[in-house]
Amino acid sequence: MEKGDEFNIQCRNCARVQKRHVNEIRAEVNTNVILIGIGISAIATIVLWMMYGAIGTISISIPLILWYQQMDNVKSFNSYRIRRR
């Protein structure tokens with residue numbers, strides 16, 4: 001809302017400045033967050049397996065929760081539209 005309905009974006013490849021409408025901006029899932037979640041869950045599973053046994057395998061759900069949250073946020077962002085003037 002601060003920048004208005006249209007704003008200038010510089011292309012990363014050709015460095016050309018283009019005017020874009022807000023509805024043309026799309027979000028994508030960040031796979032880095034999911035990979036970090038997989039790493040954390042692997043470490044947590046190993047540590048909890050040694051401390052509590054098989055109940056520690058529940059921590060494998062950490063990447064699934066992160067993935068679901070990412071997908072929900074992307075869907076919410078991409079579904080929001082404003083009326084063109």
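Modeller: Quick definition before we start: a residue is called exposed when its relative accessible area is over 50%, and buried when that area is under 20%. Keep in mind that this is a predicted model.

Colleague: Okay, which exposed residues does the face of H1 turned away from its buried side carry?

Modeller: Look at the face pointing away from the buried side of H1. The exposed residues there are Leu35, Ile36, Ile43, Ile46, Met50 and Met51.

Colleague: Is Thr45 buried or exposed?

Modeller: Thr45 sits in helix H1, which runs over residues 31–52. The cut-off for buried is under 20% relative accessible area. Thr45 comes in at 16% relative accessibility, so Thr45 counts as buried.

Colleague: And which helix do the buried residues of H1 pack against?

Modeller: The buried ones in H1 are Ile34, Gly37, Ser41 and Thr45. They cover an arc of only 75° around the axis, so they end up on the same side of H1. What the buried residues of H1 pack against is residues 62–79, helix H2.

Colleague: How far apart are the end C-alpha atoms of H1?

Modeller: H1 has 22 residues, and at 1.5 Å a residue it should span 32 Å. The model agrees with that, because the end C-alpha atoms of H1 are apart by 30 Å.

Colleague: Which residue caps the N-terminal end of H1?

Modeller: Check the backbone nitrogen of Asn32: a side-chain oxygen lies 3.0 Å from it. That oxygen belongs to the residue capping the N-terminal end of H1, Asn30.

How values were computed:
Residues are numbered from 1 along each chain as its sequence is written. This is a predicted model: local features need pLDDT of at least 70, side-chain atom pairs count only at pLDDT 80 or more; totals for chains, interfaces and linings use all residues. Side-chain values use heavy atoms; hydrogens and water are left out. Helices (H or I, at least four residues) and strands (E, at least two) are DSSP runs, numbered from the N terminus. Buried means under 20% relative accessible area, exposed over 50%, partly exposed in between (1.4 Å probe, protein chains only). The expected span of a helix is 1.5 Å times one less than its number of residues. The arc is that of the directions from the helix axis to the C-beta atoms. Contact means heavy atoms within 4.5 Å. A polar contact is a pair of N or O atoms within 3.5 Å; within protein, one must be able to donate a hydrogen and the other to accept it, and residues adjacent in sequence count only if both atoms are side-chain atoms.
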